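Subject: Handover of a structure and the findings from it

Dear colleague,

The findings follow it, together with the terms needed to read them.

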Amino acid sequence: MSTASERGREGQSTRAVIVDDSRFMRTLIRSLLEEGGVDVVGEASDGSEALDAVREHDPDVVTMDIEMPAMNGLEAVEAIMEDHPTPVLMLSAHAEEDADVTFEALDRGAVDFVTKPGGEVTSSMSRVKRELVEKVESAARVDLSASARVSDRGSTGSRTRESDRSGGTAETTRSGSATRSGSRTRSGSAGGTDAAESPSRSSGTSTDGPGGSSRRRGQRRSTAAGGEADAGAARDAASESAAQSGAGTPASAATYPDVGTLVVGASTGGPAVVERVLGGLPREANLRILVVQHMPEGFTTRFASRLDGRSAYSVTEAESGERIEPGEARVAPGGHHLLTTSDRKGRLKLELTDTEPIHGVRPAIDVTMASAAETAEGPLCAVLLTGMGRDGVDGLKRISGGGGHTIAQDEETSAIFGMPRRAIEAGCVADVAPAERIAENTLRYFEEE
């Protein structure tokens with residue numbers, strides 16, 4: 001998944017500090033990382049020592065345990081981000097309680113997480129080493145200033161929706177060549193400037209080809225004012241604020257097809273942006289939403305629950321054989337590819353497979369996007385967010401080639417401008433947008449004249 005062109009310190013080893021209260025675990029992690037070419041420059045047994053080690057060694061990345069004496073992992077993440085901003089990769093167990101704490105760590109500034117290796121040596125140790133090294137290499141290339149900009153422009157939840165209501169007329173599509181400034185920057189992107197600045201992506205409007213128009217024809221219209229009431233006060237509030245922060249059209253005037261399909265793909269740095277995108281989509285848009293976030297097995301259920309509480313859509317982890325209806329969103333489970341099929345009535349049916357990883361990941365964005373391009377009837381839009389590698393590029397090509405609309409997150413707000421950059425360079429992206437305007441661009445495509 002990692003490539004030399006995406007490394008912030010090309011030609012040099014990634015420098016890491018390991019934080020864990022278990023000497024055995026520190027030794028195991030050091031061994032796995034060093035075998036993978038990572039330079040371990042320091043160790044710490046608790047959060048307080050971690051802060052000292054970061055100050056002393058100025059590493060590219062920190063691997064952080066959660067439960068530790070004196071200062072735990074959550075407190076350490078906050079302290080590091082305030083004192084010496086450095087990408088932090090959380091090491092978490094599969095337990096449900098650890099999933100909750102892990103997402104809290106992301107809220108506090110950690111850039112990603114990986115399943116903690118077990119203590120026993122098994123036949124799967126080579127896979128564990130590969131995943132750990134790839135996650136460390138990816139985390140080391142996160143641009144922390146991009147994450148800070150997303151937060152400054154409004155985080156997810158009520159704060160995001162409030163900022164969108166007063167956000168004015170911020171630019172909705174941007175070049176991927178924006179200059180980064182502000183806090184400590186660790187950018188892994190290279191090139192991509194010319195493609196990102198092409199005229200079709202700098203106009204601030206969605207560009208539909210003939211295929212895109214044909215996907216819209218024959219769809220019955222529904223008005224936002226005529227949408228059914230959502231259950232639960234939280235979802236009602238999310239829907240109302242999403243409508244106000246959408247494409248600039250008053251909710252009562254916007255019209256949408258009876259059904260549209262949106263596929264969202266993301267990797268490192270993606271969870272907060274996915275939350276932001278879904279939080280900006282009103283239920284009245286009648287979307288069927290598929291989310292593919294690179295995430296270990298055991299964590300996607302909790303991620304779906306978070307999305308459910310922060311959007312107007314009913315969000316759950318996808319199950320094989322179920323049908324997805326307008327107003328629903330499904331998250332691809334960790335460890336499974338998510339595919340779509342269509343029945344005779346045009347309803348979208350979901351299938352899970354355990355076939356080999358694609359681009360080293362499962363679920364893979366390409367798999368879901370390619371199947372949606374083949375089976376989803378009506379308007380189809382694909383969004384590719386922050387992440388390292390090229391997963392999602394081929395999927396965007398398939399959707400674009402079939403007349404669907406494609407959007408990529410811009411460089412300025414991408415934690416890692418890898419997947420979006422490669423899609424832009426491949427010429428399969430219609431719009432480039434900052435994180436806070438992706439929902440707006442999406443709604444503009446689905447809105448009917």
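Helices (H or I, at least four residues) and strands (E, at least two) are DSSP runs, numbered from the N terminus. His337 has its place in one of these runs, strand β13 (residues 337-342).

This is a predicted model, in which local features need pLDDT of at least 70 and side-chain atom pairs count only at pLDDT 80 or more, while totals for chains, interfaces and linings use all residues. Residues are numbered from 1 along each chain as its sequence is written, and side-chain values use heavy atoms, with hydrogens and water left out.

The protein as a whole

The protein contains 16 helices and 17 strands. Of its 449 residues, 58% count as buried (under 20% relative accessible area, with exposed meaning over 50% and partly exposed in between; 1.4 Å probe, protein chains only). Contact means heavy atoms within 4.5 Å. Among contacts between residues at least 6 apart in sequence, 78% join residues at least 24 apart.

The surroundings of His337

His337 is buried, with a relative accessible area of 1%. A polar atom of its side chain lies 3.0 Å from the backbone oxygen of Glu356, and a polar atom of the His337 side chain lies 3.2 Å from the backbone nitrogen of Ala364. Leaving aside neighbours within four places in sequence, His337 is in contact with several residues, including Leu352, Thr355, Pro357, Val361 and Val367.

Two pairs of helices

Two packed helices are described by the angle between their axes and the distance between the axes. Axes are lines fitted to C-alpha atoms, for helices over the stretch in contact, and angles run from 0 to 180 degrees between N-to-C directions. Angles under 35 degrees count as roughly parallel, over 145 as roughly antiparallel, 65 to 115 as roughly perpendicular and the rest as oblique.

Helix α1 (residues 23-35) packs against helix α5 (residues 125-140) at an angle of about 75°, with the axes 9 Å apart. α1 is therefore roughly perpendicular to α5. In this contact, Ile29, Leu32, Leu33 and Glu35 of α1 meet residues of α5, among them Met125, Leu132 and Val136.

Helix α13 (residues 365-375) and helix α14 (residues 393-401) pack at about 10°, and their axes are 7 Å apart. These two helices are therefore roughly parallel to each other. Residues in their contact include Met369 and Ala373 of α13 and Leu396 and Ile399 of α14.

Yours sincerely

Methods: A polar contact is a pair of N or O atoms within 3.5 Å; within protein, one must be able to donate a hydrogen and the other to accept it, and residues adjacent in sequence count only if both atoms are side-chain atoms.
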